[in-house]
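The stops below can be selected in order.

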Amino acid sequence: MAKPYRIPDFRKMYPEASEEVIAVLRTTERKMQYQEYDLKSEQTIIDQENQTVTIIPSREDSFERLVEQSVQFREETLSLDEWIIRRLEIEQLHKALNVLSDDERYLIIQLYFEERTEREVAEELGVYHNAVHKQKIRILAKLRKILEKI
């Protein structure tokens, strides 16, 4: 892309191109500049008559530019209701996990809490990957049934 707000001379770049192609290139270049620069830059309007300066903020900004300007972002926090619901769900999950056998609980903990892959767990247990996968599916179905009852 060319410098901001400067549309290149496509006639010099592509002398064999038709006028329709040149028109499309100009339109496309202007659209790219609009998205790249116009949306992301604020505008300053100076009114000489009334002696006022109006600043119109940009409609879109990049994350990098906001960081450069040291803009503080609001931290995503849960509302009290969301936090309570999450705590209740966690308690229910722990109750359901305690109903599982030791082997079933070990597999779920390794896969979901320790974030190990099915292949890693299969190697450790000395079984095929498919066996671990099928067991995981069966355990998850069992957990769903247990959670429905709680």
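**Hairpin**

Select Gln 51: in the hairpin of S1 and S2, with 4 residues between the strands, Gln 51 takes a positive phi near 55°. This is a predicted model, in which local features need pLDDT of at least 70 and side-chain atom pairs count only at pLDDT 80 or more, while totals for chains, interfaces and linings use all residues. Residues are numbered from 1 along each chain as its sequence is written, and side-chain values use heavy atoms, with hydrogens and water left out.

Next, show strand S1 (residues 43–47) and strand S2 (residues 52–56), which pair in the antiparallel sense over 5 bridges. Pairing requires that DSSP finds at least two bridges between two strands. Strands (E, at least two residues) and helices (H or I, at least four) are DSSP runs, numbered from the N terminus.

**Nonpolar core**

Select Ala 96, Leu 97, Leu 100, Leu 107, Ile 108, Leu 111, Val 121, Ala 122, Val 132, Ile 139, Leu 143 and Ile 146, the 12 residues of the largest nonpolar core. Such a core is a set of buried Ala, Val, Leu, Ile, Met, Phe, Trp, Tyr and Cys residues joined through side-chain atoms within 4.5 Å. Buried means under 20% relative accessible area, exposed over 50%, and partly exposed in between (1.4 Å probe, protein chains only).

Colour helices H4 (80–99), H5 (102–113), H6 (118–125) and H7 (129–149): each supplies at least two residues of this core. H7 gives the most, with 4 residues. Around Ala 96, look for contacts (heavy atoms within 4.5 Å); not counting residues up to four places away in sequence, Ala 96 touches Leu 143, Ile 146, Leu 147 and Ile 150.

Move to Glu 104 in helix H5. Is Glu 104 buried or exposed? Glu 104 is buried, with a relative accessible area of 6%. A polar atom of its side chain lies 3.0 Å from the backbone nitrogen of Ser 101.

Lys 142 is partly exposed at 31% relative accessible area.

How values were computed. A polar contact is a pair of N or O atoms within 3.5 Å; within protein, one must be able to donate a hydrogen and the other to accept it, and residues adjacent in sequence count only if both atoms are side-chain atoms.
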